[in-house]
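Q: Could you take me through this structure, giving for each feature the general idea and then the case at hand?

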Amino acid sequence: MNTWRIARLVAAKDLRVEWRSRVVVNQVLPFAALVMVMFAFALDNDQVLTRVAPGLVWLATMFSLLVIVQRAFAVETADGALDALQVAGVRPGGIFLGKAMALAAQLAVLELVLLGAAVVLYKAEVVASGIVLLVTTYVAATTGLAFVGTLYGGLAAGAKGRETLLPLLMLPVVAPVLIGATRATEAALGTENATPSDGWPWIGLLTLFAVVFGVGGALAFGSLIDE
Amino acid sequence: MEPVEQPVVALVDVVAVLGSFPALAGASLVVHRGEILLLRGPNGAGKTTLLRLCAGLLPVERGTATVLGCDLVADRTAVRNRVGLLGHSNGLYADLTVADNVRFWGATVGATQAEIADSLTRMGLSNRLADVQVARLSAGQRRRTALACLVARRAELWLLDEPHAGLDAMGRDDLDVTLRAATAAGATVIVASHELERAGALATRVVEVVGGQVRGVAS
């Protein structure tokens with residue numbers, strides 16, 4: 001079976017697991033919304049909140065990403081399914097792409113909710129002239145985060161203390177996405193008179209990041225999950 | 001003169017280590033097509049390691065190992081899509097239903113809907129259990145589901161670690177019938193088990209694994 005068909009099969013399976021368990025909907029989304037509310041309590045100033053809204057949205061996304069990635073690999077290791085996938089000769093590149101696709105779909109829903117929360121709680125404004133940049137930022141950043149999340153989730157899956165190891169490994173790596181996505185989102189929302197043209201250079205960084213971790217992950221995933 | 005059929009498994013003086021512990025210490029074994037081979041031996045003797053090595057999950061440190069014509073020393077991944085391994089864990093997704101699981105594992109080898117339905121029927125899961133989440137099943141029902149997934153994968157070599165564990169009498173009968181049907185269709189089965197009476201009655205040959213070596217052959 002070719003890599004693309006395996007990827008679709010694994011993605012459909014992961015999304016079905018979420019559909020049946022509703023962990024992201026019932027636990028991760030409320031957690032992310034709670035983080036946004038806590039930021040509002042901590043800063044307690046409308047002007048400051050509007051100014052830092054893009055950064056807080058992406059910070060909440062990163063925290064939630066950790067939870068989703070832990071969950072995505074917990075279902076694979078709980079009953080030895082990852083081993084079984086290897087024995088079944090399922091191409092590791094297909095597993096990587098499939099899990100990244102499912103992760104990206106869940107992240108996309110999460111990010112929409114967080115953006116909505118920023119508009120409601122932090123009075124962030126989505127302006128028409130920044131829509132294209134905003135959508136491009138979300139696509140590029142989500143793709144990069146999904147690839148990194150899958151790669152590091154696979155790396156930590158067989159390790160002892162993986163729950164605490166994953167944030168330590170992953171957060172430093174996703175820092176460029178946090179910076180690039182925040183700057184590009186600021187430009188898209190017109191934060192502090194920024195214009196959309198200020199954001200496009202950051203899209204280059206986000207795209208490069210996604211390509212590097214997508215290609216690298218697809219090639220390295222087999223070795224990572226192998227004993 | 002008829003061509004001599006290559007053995008399905010041919011291990012010669014194989015050494016495999018788990019960490020720094022030599023779990024297999026010079027194991028040699030030959031298994032031919034259509035056999036149901038029982039591995040018996042005490043805990044920690046190397047039975048599970050032997051099965052995992054044949055599945056291409058463990059590297060061969062020393063010796064030669066060929067499974068289904070694939071040289072495990074050169075590339076242990078080549079054999080993987082042709083073997084089915086049922087280890088101590090079941091390899092199931094607890095949030096999915098029984099049918100979802102069998103469909104997924106069957107789809108990895110392109111099994112048809114009819115083949116998936118047949119797999120469920122063979123393991124007695126085509127009734128109301130098919131739509132039950134695996135998380136809600138008993139240990140025996142999970143084992144049945146894992147076996148149905150294995151049937152759906154149509155492996156050439158079945159590697160089963162304590163397959164009767166947790167199964168009720170009907171489940172054990174279903175398993176035995178399924179294994180005999182698989183070997184009749186050309187598959188080969190290696191079973192590691194402590195249930196010597198049950199597995200011994202099923203097996204066509206019995207070998208003992210002791211201290212990481214395969215010893216003594218009893219018919």
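This is a predicted model: local features need pLDDT of at least 70, side-chain atom pairs count only at pLDDT 80 or more; totals for chains, interfaces and linings use all residues.

Q: Is Ile190(B) buried or exposed?

A: A residue is called buried if 20 or more other C-beta atoms lie within 10 Å of its own, exposed if 12 or fewer do, and partly exposed in between, with C-beta atoms placed from the backbone. Ile190(B) has 26 other C-beta atoms within 10 Å and is therefore buried.

Q: Which residues is Ile190(B) in contact with, leaving aside its neighbours within four places in sequence?

A: A contact requires the C-beta atoms of two residues, placed from the backbone, to lie within 7 Å. On that basis Ile190(B) is in contact with Val31(B), Leu37(B), Leu39(B), Leu51(B), Cys54(B) and Leu159(B). Val73(B), by comparison, is 117 residues from Ile190(B) in sequence and 20 Å from it in space, C-alpha to C-alpha.

Q: What is the order of the strands in the open sheet of chain B?

A: Two strands pair if DSSP finds at least two bridges between them. The open sheet has four strands in the order 2-1-4-5, with antiparallel pairing. Strand 2 (21–31) and strand 5 of chain B stand at the edges with a single partner strand each, so one side of each has no neighbour in the sheet.

Q: How many bridges join strand 1 of chain B to strand 4 of chain B?

A: Strand 1 (residues 9–18) and strand 4 (residues 62–67) of chain B run antiparallel and are joined by five bridges. Across this pair, Val12(B) stands opposite Thr64(B), and Leu11(B) opposite Ala65(B). In a regular strand the side chains alternate between the two faces of the sheet. Strand 4 of chain B is also joined, by two bridges, to the antiparallel strand 5 (residues 70–71), where Asp71(B) is the bridge partner of Thr66(B). The hairpin of strands 4 and 5 has two residues between the strands, and in it Leu68(B) takes a positive phi near 50°.

Q: What is the secondary structure of chain A?

A: Chain A has eight helices and zero strands. The expected span of a helix is 1.5 Å times one less than its number of residues. Helix 3 (residues 46–77) of chain A, with 32 residues, reaches 44 Å from its first C-alpha to its last, close to the 46 Å expected. A bend is the angle between axes fitted to the seven residues ending at a residue and the seven starting there, and in helix 3 of chain A a kink of about 60° lies at Val52(A), shortly before the proline Pro54(A).

Q: How many residues of chain A are in contact with chain B?

A: The size of an interface is often given as the accessible area lost when the parts come together. Counted by contacts, 20 residues of chain A meet 24 residues of chain B. Helix 1 (3–21) and helix 4 (81–87) of chain A each supply at least two residues of the side that touches chain B, and helix 1 of chain A gives the most, with six residues.

Methods:
Residues are numbered from 1 along each chain as its sequence is written. Chains are lettered from A and ligands numbered from 1 in the order in which they are written.
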